[in-house]
Amino acid sequence: MFWDPTIMLLIPGLLLSLWASFKVRGTFANYARVPARSGLSGAEAAAALAARHGLRVGIEPSHGGTLSDHFDPTTNTLRLSPEVYEGRSLAALGVAAHEMGHALQKADGYAPLALRSGLVPFAGLGSNLAFGLLLAGMLLSMKPLLYAGIAFFSLAVLFSLVTLPVEFDASARAMRILAADGLIGREELPGVRSVLNAAAWTYVAAAVVAVLELLRLILIARGSEE
Ligand SMILES: [Zn+2]
């Protein structure tokens, strides 16, 4: 859409995204082949953790394919991909416990999760509106439109930044509850940690891309002033 030298700025972010995406798929596939000693499926482990921590959450299969696992805070539902829902591997247990980590965040009133949930509608609207405003601003050479576009895009950037502590904390909770509740053994922890760390890199990459994109838009807007 905006083809100019500042596009080079995006390349490191895109390379990081590509690497993170390969890494998470590869690591998940590796540990999906390692059976968990408990013999539990991801759904069973999630149910056990919910019971143990007194959480009333729905646990459903998701239909979005591999790595579509998520916690929906509006309905208090964990949606787990088939590999996680039915899988009895370290990867399945790690991802199921991570999503349960989000349910625990909600139960605890963890502030970054509430902030992220509050930003969802603005982040989506912000990035859509931003590109329309930026395009109009450039075509009409109207600086206020460019800056309004950048302001809206900043909401999407803020969302990707707030996502980082939310995701790191959910993984830290996952490791704690899996170990404390005896669902995985001490020797299984490094495998679960590898899966969760690989997943965390995808969020880091998304945040880096968003920040670089914002920087690029600011450079374009400033360049248009001369
Ligand atoms: Zn998560």
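Biologist: Leaving aside neighbours within four places in sequence, which residues is Leu93 in contact with?

Modeller: Leu93 is in contact with Ala36, Leu40, Gly42, Ala45, Leu178, Leu183, Ile184 and Val192. Contact means that two C-beta atoms, placed from the backbone, lie within 7 Å. This is a predicted model, where local features need pLDDT of at least 70 and side-chain atom pairs count only at 80 or more, while totals for chains, interfaces and linings use all residues. Residues are numbered from 1 along each chain as its sequence is written.

Biologist: How many residues has the largest nonpolar core?

Modeller: It has 53 residues, and Leu93 is among those with the most contacts inside it, as are Leu78 and Met100. A nonpolar core is a set of buried Ala, Val, Leu, Ile, Met, Phe, Trp, Tyr and Cys residues joined through C-beta atoms within 7 Å. Buried means 20 or more other C-beta atoms within 10 Å, exposed means 12 or fewer, and partly exposed is in between.

Biologist: Which helix gives the most to this core?

Modeller: H6, with 12 residues. Helices are DSSP runs of H or I with at least four residues, strands are E runs of at least two, and both are numbered from the N terminus.

Biologist: New topic: where does Ser141 lie?

Modeller: In the loop between H5 and H6. Ser141 has a positive phi of about 50° although it is not a glycine. Most residues other than glycine have a negative phi.

Biologist: And is Ser141 buried or exposed?

Modeller: Exposed, with 9 C-beta neighbours inside 10 Å.
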